[in-house]
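Reader: Hi! Could you walk me through this protein in plain words? I'm new to reading structures.

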Amino acid sequence: MNIQTIPIHQINPAKYNPRIDLQPDDPEYQRIRQSIKEFDCVELPVWNMRTETLVSGHQRLKVLKELGYKEVKVSVVDLPEEKEKALN
């Protein structure tokens with residue numbers, strides 16, 4: 001497994017991500033936020049280095065940005081776009 005710390009601004013959310021975009025007043029968003037504040041980000045987002053696209057972890061990334069993180073540890077994959085979409 002390839003784990004790297006990268007600047008958040010280098011991560012592009014997947015435009016095709018099927019997940020609902022949580023808002024700060026949503027209970028699930030607040031649970032993610034509280035978990036990150038208490039334990040840090042223990043479940044790493046997955047980032048495709050080939051396309052610089054976030055494959056997994058969109059809600060965590062949104063919370064990390066709101067909390068002021070400038071960098072994040074990610075699990076890095078190197079996939080063509082069609083495999084990236086399948087993994088998402």
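**A first look at the fold**

Author: Happy to! The protein chain has three helices and five strands. Keep in mind that this is a predicted model.

Reader: How much of the chain counts as buried?

Author: Of the 88 residues, 34% count as buried. As for the surface, the chain exposes about 5700 Å², and carbon and sulfur atoms supply 51% of that.

Reader: Let's talk contacts. Of those between residues at least 6 apart in sequence, what share joins residues at least 24 apart?

Author: That share is 81%.

Reader: Switching topic: how many positive and negative side chains are there?

Author: There are 13 positive and 14 negative ones, and the centres of the two sets lie 1 Å apart.

Reader: Why might some of them pair up?

Author: Side chains of opposite charge can pair when their charged atoms come close. Here, the structure holds five salt bridges.

Reader: Nice, show me one! Which residue does Glu-28 pair with?

Author: Glu-28 forms a salt bridge with Arg-19, and their closest N and O atoms are 2.2 Å apart.

Reader: What about Asp-21, which residue does its side chain meet?

Author: Asp-21 meets Lys-62 in a salt bridge, at 2.9 Å from N to O. Asp-21 sits in the loop between strand E2 (12-13) and helix H1 (27-39), while Lys-62 belongs to helix H2 (residues 58-66), so this pair ties together parts that are 41 residues apart in sequence.

Reader: And how accessible are they?

Author: Asp-21 is partly exposed at 46%, and Lys-62 is partly exposed at 24%.

Reader: One last pair, please! Where do Arg-50 and Asp-78 lie?

Author: First, the bond itself: Arg-50 and Asp-78 form a salt bridge, with the closest N and O atoms 2.8 Å apart. Arg-50 lies in the loop between strands E3 (46-48) and E4 (53-56), and Asp-78 in the loop between strand E5 (71-77) and helix H3 (81-87), so the pair links parts 28 residues apart in sequence.

Methods. Residues numbered from 1 in each chain as written. Predicted model: local features only at pLDDT ≥ 70, side-chain atom pairs only at ≥ 80, totals over all residues. Heavy atoms only, no water. Helix = DSSP H or I, 4+ residues; strand = E, 2+ residues; numbered from the N terminus. Buried < 20%, exposed > 50% of the residue type's maximum accessible area, 1.4 Å probe, protein only. Contact = heavy atoms within 4.5 Å. Areas by Shrake-Rupley, 256 points an atom, 1.4 Å probe, with all protein chains shown as cover. Lys, Arg positive; Asp, Glu negative; His and termini not counted. Charge placed at Lys NZ, Arg CZ, Asp CG, Glu CD. Salt bridge = Lys/Arg side-chain N within 4 Å of Asp/Glu carboxyl O.
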